[in-house]
Amino acid sequence: MSDFIQWFLAPLNSWYIHSGLASGANLIWSTKLLFWYLVLVFLRYEFPDFALWAGYILRPKSFEPESPSPVLERKPLVSVLIAGRNPGYSIVTCIRSVLNSTYQNTEIIFADDHSTDNSVTLARKFEGTGRVRVCENAYHSGKPANLNVALMLARGEFIFVLDADSQVYPDAIEKMLPYFDDEQVGGVSPIILVRNGKASMLTAFQRIEYVMTYALNQMWRDRLGIMMILPGMGTFFRAKAMRSVGGYDMGLGDDTDITTRLRKTQWKLRLALRGRISTDVPVTLSHLIRQRSRWVRNMVKMRVRKHRDLGSFRYGWVNALAFYELVFNRVIHPISIVVLLLYTHYIWGLNAPILIGSLYWYSTILLALKFFIGRDMTLGEPGMSAFLLVPFYFLYRVVLLAVQVVNVLRELLMIYPWHPYVPRRIWNSIPHH
Amino acid sequence: MNELTSRQLRVLALVPQDSRIEPVWESAARTGFVYRGAGSELRDVSLLDDLEELADGAFLERVFIERISLCPSCESPALNVHDSCASCTSSNLQPFKALFHFRCGYVGPATSFKPERDGLRCPKCNRMLRDLGTDFDSPGDYFQCRSCASMFQTPAVGARCLSCGGRFSGDALQHVAHRDVYGYRLTPAGKSALGHERIVEIGTIAPERLVV
């Protein structure tokens with residue numbers, strides 16, 4: 001054990017920094033498979049972020065929509081759809097954030113999924129404003145069904161789907177609308193930031209993750225025109241586009257699903273760099289594991305099952321490449337990185353700590369760089385205090401990697417496929433491909 | 001009030017000994033209701049003021065019957081309260097039932113499903129709806145405003161005064177004035193007044209005092 005720690009910390013010691021990192025690099029180079037795999041990982045996970053930032057520095061104007069925006073000037077009605085089950089007081093924060101937006105021509109529709117708490121009473125207090133409508137579902141039917149009810153009631157030219165535990169920044173709607181100047185744009189994603197970053201160590205890690213993994217990822221995808229997921233926590237849609245695909249389908253992964261169907265029908269998807277919303281993330285580990293296992297299973301369901309025809313080049317080569325990239329990212333990569341590490345660990349025996357130590361420092365240094373890129377591009381999120389957590393970030397990632405691998409396998413093997421996201425009687429009548 | 005006028009005694013005598021005198025709803029009356037002395041000379045006049053005076057003098061006891069809302073501008077009781085659209089306050093609402101198809105998730109008015117010989121066909125996935133509760137259900141009843149096409153589940157409350165024509169939204173109705181309507185029953189003091197006082201002729205009261 002002391003050997004392990006010594007090797008692990010070796011690169012920190014200036015006398016060892018050369019020998020520590022160099023011997024690690026030598027080892028990696030000697031295992032050609034691992035070396036090339038790490039190159040691939042760099043090209044996918046780090047290079048795009050650096051390229052994005054270079055573009056942001058060189059041509060910042062190209063990241064903003066043209067102004068003045070014709071859509072923003074005619075002030076169309078925006079319907080904000082909120083579906084929730086037992087959101088409690090957060091529904092009040094959510095509704096108030098929209099009512100207090102700088103963009104005022106909004107109507108809010110809260111579709112309550114048969115809550116058993118006082119959410120409906122709380123939401124109804126806003127009905128007097130004339131801009132909020134509350135609609136109670138007669139039975140528990142899941143989020144997608146409630147969003148469809150709200151969609152039926154919506155009158156707006158644009159639809160903003162918002163989670164009850166999220167809230168919009170005051171200027172978010174105003175910053176997102178101009179992207180619809182392009183008639184072909186069907187959906188615009190905001191940047192999602194973490195609201196309860198100070199609630200626990202776990203939420204602090206998620207605060208870093210939401211910027212460095214999700215926000216940066218969405219940004220370069222937007223530049224390449226391969227946005228594949230508009231997040232369910234908050235997304236802007238053109239009502240016409242949403243109705244043309246028949247609203248949400250039932251089942252897990254409603255956000256991925258509607259995004260993919262929009263892509264298949266040739267709608268463009270964009271990211272609004274300055275459209276920001278903030279959301280509550282799981283505070284406890286058990287909640288986080290439950291949330292992530294759901295996300296991972298969504299991914300397998302959508303990519304490997306329901307929408308695997310996206311990889312057939314029938315919907316264009318961009319869609320197909322984006323599809324394979326996602327399958328690599330979400331299914332192949334988590335499994336293969338674990339297998340590769342176990343394999344090299346096995347064949348190297350005593351030298352394994354050098355490998356792990358070098359990989360750790362390599363990834364942490366890249367992470368620190370990305371931290372500042374993220375802060376620069378999201379105007380200061382996450383806060384500098386979160387930087388102290390960067391050296392320990394790998395611990396968080398290891399937990400998530402484990403969750404990812406277990407759930408990818410579980411979903412691929414169809415072990416206990418039901419998920420309470422959708423009630424069982426509805427689950428039983430939807431196709432599961 | 002120690003001395004009762006003859007008119008007050010006549011009115012007191014109209015109250016049944018073991019029950020009470022109750023209002024008669026009368027839309028033509030200014031207040032919307034009258035008390036009538038059936039079978040007496042007082043049968044065509046409203047006795048509200050007399051009864052109130054007697055109740056103030058403890059000869060009668062008030063029994064709550066109803067609370068009526070009065071028009072905020074003219075205080076008429078002819079306030080017609082109705083469901084209205086939260087967006088445009090129109091009362092031109094059309095109720096409709098929505099259906100939710102489990103398989104594809106489509107939710108829409110029942111009229112958006114295509115009726116066929118053996119049932120309804122879903123406009124999104126083109127399949128037939130089979131069993132209510134098993135493969136489709138109704139999430140609830142809704143309204144559509146025929147004026148502004150807005151759809152909602154709970155309509156707002158609106159009102160129009162049928163007397164002055166004023167129109168009021170739910171907010172204005174929150175602070176609307178009320179009038180409580182009572183029935184009246186004899187108190188022991190009232191009963192003893194009836195037993196000890198002689199009844200004088202109604203003809204001695206000036207006619208204009210008879211109309212409330």
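## The nonpolar cores

The largest nonpolar core of this predicted model holds 105 residues, where a core is a set of buried Ala, Val, Leu, Ile, Met, Phe, Trp, Tyr and Cys residues joined through C-beta atoms within 7 Å. A residue is buried if 20 or more other C-beta atoms lie within 10 Å of its own, exposed if 12 or fewer, and partly exposed in between, with C-beta atoms placed from the backbone. A:Leu81, A:Ala150 and A:Phe160 have the most contacts inside this core, and helix H10 (residues 201–224) of chain A contributes the most to it, with 9 residues. Helices (H or I, at least four residues) and strands (E, at least two) are DSSP runs, numbered from the N terminus.

Beyond its neighbours within four places in sequence, A:Leu81 is in contact with A:Ile109, A:Leu147, A:Ala150 and A:Phe160, among others; contact here means C-beta atoms, placed from the backbone, within 7 Å. Another core, of 17 residues, lies apart, and B:Leu47 and B:Tyr182 are among its members.

A note on conventions: residues are numbered from 1 along each chain as its sequence is written, while chains are lettered from A and ligands numbered from 1 in the order in which they are written. As the model is predicted, local features need pLDDT of at least 70 and side-chain atom pairs count only at pLDDT 80 or more, while totals for chains, interfaces and linings use all residues.

## The sheet of chain A

Chain A has an open sheet of 8 strands with mixed pairing, in the order E3-E2-E1-E4-E7-E6-E8-E5; strands pair if DSSP finds at least two bridges between them. Strand E3 (132–136) and strand E5 (166–168) are at the edges with a single partner strand each, so one side of each has no neighbour in the sheet. From one strand to the next, the twist averages 30°.

Strands E1 (residues 78–84) and E4 (residues 158–163) of chain A run parallel, joined by 6 bridges, and A:Ser79 stands opposite A:Ile159 in E4(A).

## An enclosed helix

Helix H12 (residues 254–264) of chain A is largely enclosed by the rest of the structure, because 10 of its 11 residues are buried. These include A:Asp254, A:Ile258, A:Arg261 and A:Leu262. Among the elements covering them are helix H8 (143–153) and helix H14 (317–348) of chain A. After H12(A) comes A:Gln266, with a positive phi near 70°.

## Where the chains meet

The contact draws 25 residues from chain A and 22 residues from chain B.

Methods: Two residues are in contact if their C-beta atoms, placed from the backbone, lie within 7 Å. Axes are lines fitted to C-alpha atoms, for helices over the stretch in contact, and angles run from 0 to 180 degrees between N-to-C directions.
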